[in-house]
Amino acid sequence: MTFTASQIALLISARIEGDPEAAVGSFNKIEYAKEGELAFLANPKYEDYLYSTGASVIIVNEKLELKQPVRGTLLRVPDAYLAFATLLTKYQEIMSKQLTGIQQPSYIASSAKTGEHVYVGAFAYVGENVVIENNAKVYPNAYIGNNVTIGENTIIHPSVSIYHNCVVGKNVIIHAGTVIGGDGFGFAPQEDGSFAKVPQIGNVIIEDNVEIGSNATIDRATIGSTVIKSGAKLDNLIQVAHNVEVGNNTVIAAQAGVSGSTKLGRNVMIGGQAGIVGHLVIADGTKINAQSGVSKSIKQPNSAVTGSPAHDYTSALRSQALSRKLPELEKRIKELEAFIRQLIAERV
Amino acid sequence: MTFTASQIALLISARIEGDPEAAVGSFNKIEYAKEGELAFLANPKYEDYLYSTGASVIIVNEKLELKQPVRGTLLRVPDAYLAFATLLTKYQEIMSKQLTGIQQPSYIASSAKTGEHVYVGAFAYVGENVVIENNAKVYPNAYIGNNVTIGENTIIHPSVSIYHNCVVGKNVIIHAGTVIGGDGFGFAPQEDGSFAKVPQIGNVIIEDNVEIGSNATIDRATIGSTVIKSGAKLDNLIQVAHNVEVGNNTVIAAQAGVSGSTKLGRNVMIGGQAGIVGHLVIADGTKINAQSGVSKSIKQPNSAVTGSPAHDYTSALRSQALSRKLPELEKRIKELEAFIRQLIAERV
Amino acid sequence: MTFTASQIALLISARIEGDPEAAVGSFNKIEYAKEGELAFLANPKYEDYLYSTGASVIIVNEKLELKQPVRGTLLRVPDAYLAFATLLTKYQEIMSKQLTGIQQPSYIASSAKTGEHVYVGAFAYVGENVVIENNAKVYPNAYIGNNVTIGENTIIHPSVSIYHNCVVGKNVIIHAGTVIGGDGFGFAPQEDGSFAKVPQIGNVIIEDNVEIGSNATIDRATIGSTVIKSGAKLDNLIQVAHNVEVGNNTVIAAQAGVSGSTKLGRNVMIGGQAGIVGHLVIADGTKINAQSGVSKSIKQPNSAVTGSPAHDYTSALRSQALSRKLPELEKRIKELEAFIRQLIAERV
C-alpha cells in the first residue's frame with residue numbers, strides 16, 4: 001500500500017514543497033531511508049542527513065531554512081515530530097481496520113460469540129462460551145480457553161494462551177507467546193518430602209488499556225483473581241504470580257518478577273530483572289531500580305529503591321560506592337593499626 | 001455446570017443448614033463471592049464476611065456459632081478448609097474427565113499411538129512414533145515431536161513444544177508455551193572468531209509427578225539426557241540447560257536458571273531469579289535464596305545460601321547488613337585518623 | 001533408521017575391528033550406551049567403560065591399546081572425538097534433508113513464495129508476500145507475518161512467531177516459542193499519569209548463521225531495525241529490546257537482557273541473567289559476567305566486568321572478597337577505638 005505526498009499532506013495538514021505525486025510505502029529513519037520511504041527531520045543535529053537521504057518524502061519543520069537543495073518532496077508542518085507521530089497512529093489504524101474476518105481453518109466452539117469486525121486467524125482456538133467483542137483481533141495459533149471474554153478493540157497476538165475463565169478488557173494488547181491464567185505455583189509439602197498440588201481455581205482479570213509484552217506469564221489466582229489494573233504496561237518475559245495486583249498505569253520492564261499476593265500501587269515503575277517477594281504492599285509511585293530485590297513492603301509513596309536486598313536509592317548508592325572503596329578503607333585501618341603498634345612499642 | 005447444596009453435601013459429608021436446592025456454578029473467596037458461587041469460612045478472622053457475603057452456599061466448621069442470620073445455605077463439616085480442598089480436587093477431576101476425544105483439525109502421524117480417553121486438541125501436532133498413554137491430554141496448538149512418549153494422565157497445555165525423542169512420565173503437568181528438548185547451547189569457537197554448532201543429540205526425560213510452569217525451557221542433552229526427576233516442581237520462565245539433573249521433589253521458583261551439567265540433589269529449594277553455574281553438584285535439601293548466584297558446588301546437605309556470589313545464609317546476611325553501615329564505618333575511621341593526626345601534632 | 005559399522009566406517013574413514021554388520025540407530029555416552037547404540041571413547045579417563053559398555057559400535061583412537069576384549073565393534077580413527085563430531089553433523093544433515101514438503105492443514109497466503117525443498121509444517125501460518133527460500137524449514141504452529149523473508153537453510157522451530165516485515169537470513173536457527181519483532185516497549189507519559197503507546201514501526205533483521213534459543217524475545221525497532229549480526233548466538237529466554245544491535249559472533253547466555261538502543265560489539269560474551277541498560281556502547285570482545293548489571297558504556301575492547309552495578313572484573317572481585325571480611329574490619333575498628341579511648345583516659 002503506497003501513499004503520495006499530497007495524500008499524506010492532507011492527513012497532517014502540511015504544505016508541499018516538491019513533487020506532490022512522490023509515493024512512499026514505508027517509514028524509516030532519515031539516515032537510512034531509501035527511495036519509496038518516508039522520513040522526518042525534527043532534531044537540527046540530523047540536518048545533514050536531509051541533503052543525503054534517499055527518502056522520497058520528508059516531513060520537516062515549517063521554519064527550517066534549507067542550506068542545499070533536497071532530492072525528496074518536503075512536507076512542512078509546525079512540529080515535524082508531532083506530525084510524524086500522528087501519521088504513524090493514523091497509518092496503524094488504517095492497517096488494523098483492514099484485518100477482519102474468520103480465517104480458515106480455525107476452531108470456534110458453537111457456544112462462543114464473536115462481535116462485529118472481529119478477526120480470528122487461522123489455527124486460533126476459541127473455546128466454549130467465549131465472548132470476543134467488536135473489533136477485537138485474535139491472531140493465528142492463539143488459544144482462548146472456555147468462558148474467556150476478550151473486550152472491544154483488543155489484540156491477541158500469535159500463540160498467546162489464555163486459560164479458562166479469564167477476563168480481558170478493552171483496548172488491551174497481548175503480544176505473542178504470552179500465557180495468561182496458567183496455574184499459580186502452589187504446593188503443599190507432604191510428610192514424605194513430596195508436594196501435593198493446591199488447585200488453582202481463580203482467574204486473571206486484565207482491565208482496559210493494558211499492554212503486555214511477549215512470552216510473559218500471568219498466573220491465575222488460587223481463589224479470586226490476579227488483577228492487572230487499567231493502563232498498566234508490562235514488558236516481555238515478565239512473571240506475575242497468583243493473586244498479585246498490579247496497579248493503574250504501573251510500568252514493569254522486561255524479565256522482572258512479582259511473587260504471589262503482592263499488591264503494587266498506581267504508577268509504580270519497576271526496572272528490568274527486578275524481583276519482588278510475595279505478600280508485600282508497594283506504595284503508589286514507587287520506583288524500583290533494575291535488578292533490585294525488594295523484600296519488604298514500601299509504605300512511603302514515591303519512594304525509590306535499589307539493590308538486592310533493596311534499600312533507599314540514595315543511601316544504597318552511597319553504600320555501593322563505599323563498597324568499591326573497601327580496599328582503600330582496609331589500607332587506612334592497617335595504617336592506624338601500625339601507628340598504634342608503634343605507639344605502644346614506644347611507651348614500653 | 002451447576003451443583004446444588006445437597007449434591008455438594010453428599011461429596012463432602014456435610015450437614016445442610018438452609019435451602020438444599022441452592023445452586024452454585026463456581027468458587028470464590030467469601031469476601032468477594034456473589035450469588036451462584038460457593039465459598040468457605042475456616043479462619044475466624046473472616047467471620048464478619050459470613051454475614052455480608054453474597055455466596056449461595058458456604059462451607060463452615062461444625063462448631064461455628066452464628067452471631068447473625070446468614071443469607072446462603074451452610075454446609076457444616078468438621079474441618080471447613082479440608083472439605084473445601086477435597087471438593088476442589090473432586091471438581092477438577094470431574095471437569096478433567098469430561099475432556100476426551102480428538103478435536104479436528106489436528107495432526108496425528110499414522111505411526112503414532114494414542115491410548116484410551118485421550119484428549120488431542122485442535123491444531124495439536126503429534127509426530128511419528130509418538131505414544132500418548134491413557135487419559136493423557138494434549139491441548140490445542142501443542143507440538144509433540146517424533147518418538148516422544150507422553151505418560152498416563154499427563155497434561156500438555158496449549159502451545160507447548162516437545163522436541164523429538166523426549167520422554168514425559170505419568171501425572172505430569174506442563175503449562176502453556178514451555179519448550180522441552182530445544183538444543184542445548186553448545187558451540188565450538190573457531191579460529192576466525194565464529195562459533196560452530198555442537199550437535200545436540202541427547203534428549204530430555206521428565207519423570208512422573210513433575211509440574212513445569214509456563215514459558216519455561218528445558219534443553220535436550222548434548223549426548224545422554226537432561227533429567228527432571230519425579231516429584232520436582234518448576235515454576236514459570238525457568239531455564240534448565242543441557243545435561244542438567246534436577247533431583248526428586250526439588251522446587252524451583254520463577255525465572256531461575258540452572259547452567260549445563262549441574263546436578264541438583266533431592267528436595268533442593270531454589271528461589272526466584274537465582275542462577276547456578278554449570279558443572280556443579282548441589283547437595284540434597286539445599287536452600288538457595290531468590291536472586292542468588294551459586295558459583296561453587298555445595299556439599300553439605302540442607303545448607304542455606306544467599307547473595308551473588310552466594311555464601312552461607314547467616315554470614316552473608318551479616319555482611320550485607322554491615323555493607324549498609326559502611327558510611328558509618330568510614331566516619332569512624334576518619335575520626336580515628338583525626339585523633340592520631342592530633343596526637344602526632346602534639347608530640348612534635 | 002539404522003546404519004552398520006561398515007557404513008559408518010566409510011563416512012569417517014575408519015578401520016573396522018569386529019563385526020562390520022553391527023547395526024546402530026542412535027548415539028549415547030559410552031557409560032550409558034546400550035545395544036543398538038553408537039558411542040565414542042576419546043578421554044582415557046573413561047577407558048574402563050569401554051569394557052562394560054553395551055554399545056554395539058564404538059569409535060576409538062587409532063593408538064588405543066586394549067587391556068581387555070570389547071563386546072562391540074571398534075572403529076579406529078586418528079581422532080575419535082573429531083570423527084564423532086563429524087559423524088553427528090553428517091547424521092543431522094541426512095535427517096534434515098528428509099524433512100520437506102507442505103503438510104496439511106497449513107496456511108500459506110497466495111502472495112507468499114516458497115523455494116525448493118522447503119518444509120512447512122501443519123498449522124504453520126505464512127502471511128502475505130512472505131518469501132521462504134530454498135531448503136528452509138518452518139515447523140508446525142509457527143507464525144510468519146506479512147512481508148517476512150526466511151533465508152536459505154534456515155530452521156524456524158514450532159510456535160515461533162515472527163511479526164510482519166522482519167528479515168531472517170540464511171542458515172539461521174530459531175528455537176521453539178521465540179518471538180521476533182514484537183513491539184518495542186515505548187510509551188509516552190501523559191499528564192493524567194497514563195501512558196500513550198509510541199507506534200513501533202521498524203523491524204528486526206537477523207543476519208546469517210545466527211542461532212536463537214527457545215522462548216527468547218527480540219523486539220522490533222521503533223523506527224529502523226533491531227539487528228542481530230551474523231554469527232551471533234543467543235540462548236533461551238533472552239530479551240533484546242528495540243533498536244539494539246548485537247555484533248558479529250557475540251554470544252549471550254540464557255535469561256540475559258539488553259535494553260533499548262544499546263550496541264554490542266563483535267565477539268562480546270554475556271553471561272546468564274546479566275542485564276545491560278539502554279543507549280550504551282559495549283566494545284568488541286567485552287566479557288560480562290553472569291548476573292552483572294552494566295550501567296555504563298564500555299570503551300576498552302576485551303574488558304571483563306562483573307557485579308551489579310558492573311565494574312572491572314579484578315577489582316570487583318577484590319571488593320566482593322573484602323565485603324565478606326566486613327565483620328572482621330568492623331572488629332578491628334572497634335579495637336582501635338577502644339585503645340584510643342584508653343589512651344585518652346590515661347592522659348586526663
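This dialogue goes through how to read some features of a predicted model.

Biologist: What should I know about the numbering and the pLDDT limits?

Modeller: Residues are numbered from 1 along each chain as its sequence is written, and chains are lettered from A and ligands numbered from 1 in the order in which they are written. The model is predicted, so local features need pLDDT of at least 70 and side-chain atom pairs count only at pLDDT 80 or more, while totals for chains, interfaces and linings use all residues; side-chain values use heavy atoms, with hydrogens and water left out.

Biologist: How many helices and strands are there in chain A?

Modeller: Helices (H or I, at least four residues) and strands (E, at least two) are DSSP runs, numbered from the N terminus. Chain A has 5 helices and 40 strands. Its radius of gyration is 28 Å, well over the 20 Å that the globule rule gives for 348 residues, so chain A is more spread out than a compact globule. That radius is taken over C-alpha atoms, and the rule is 2.2 Å times the number of residues to the power 0.38. Along the principal axes, the C-alpha atoms of chain A fill a box of roughly 100 × 65 × 30 Å.

Biologist: Which domains does the assignment give for chain A?

Modeller: Domain bounds come from an automatic or database domain assignment. For chain A they are domain 1 (3-96), domain 2 (160-309) and domain 3 (321-347). The centres of domain 2 and domain 3 of chain A, taken over C-alpha atoms, are separated by 49 Å.

Biologist: What rotation superposes chain A on chain C?

Modeller: Copies are superposed by least squares on the C-alpha atoms of residues with pLDDT of at least 70 in both. Chain A goes onto chain C by a rotation of 119° with 0.0 Å of shift along its axis, at an RMSD of 0.2 Å. That is the relation of a three-fold axis. For chain B on chain C, the rotation is 121°, the shift 0.1 Å and the RMSD 0.3 Å.

Biologist: At what angle do helix 5 of chain A and helix 5 of chain B pack?

Modeller: Axes are lines fitted to C-alpha atoms, for helices over the stretch in contact, and angles run from 0 to 180 degrees between N-to-C directions. Helix 5 (residues 326-347) of chain A and helix 5 (residues 326-347) of chain B pack at about 35°, with axes 11 Å apart. A crossing is left-handed if the near helix is turned anticlockwise from the far one by less than a right angle, and right-handed if clockwise; this crossing is left-handed. Contact means heavy atoms within 4.5 Å, and the residues making it include Leu329(A) and Phe339(A) from chain A, and Lys334(B) and Ile344(B) from chain B.

Biologist: Which residue classes make up that contact?

Modeller: Ala, Val, Leu, Ile, Met, Phe, Trp, Tyr, Cys and Pro count as nonpolar, Asp, Glu, Lys and Arg as charged, and the others, Gly among them, as polar. The contact of helix 5 of chain A with helix 5 of chain B has 13 nonpolar, no polar and 6 charged residues.

Biologist: Where is Pro309(B) found?

Modeller: Pro309(B) is in the loop between strand 39 (304-306) and strand 40 (311-312) of chain B. The peptide bond from Ser308(B) to Pro309(B) is cis, with omega near 0°.
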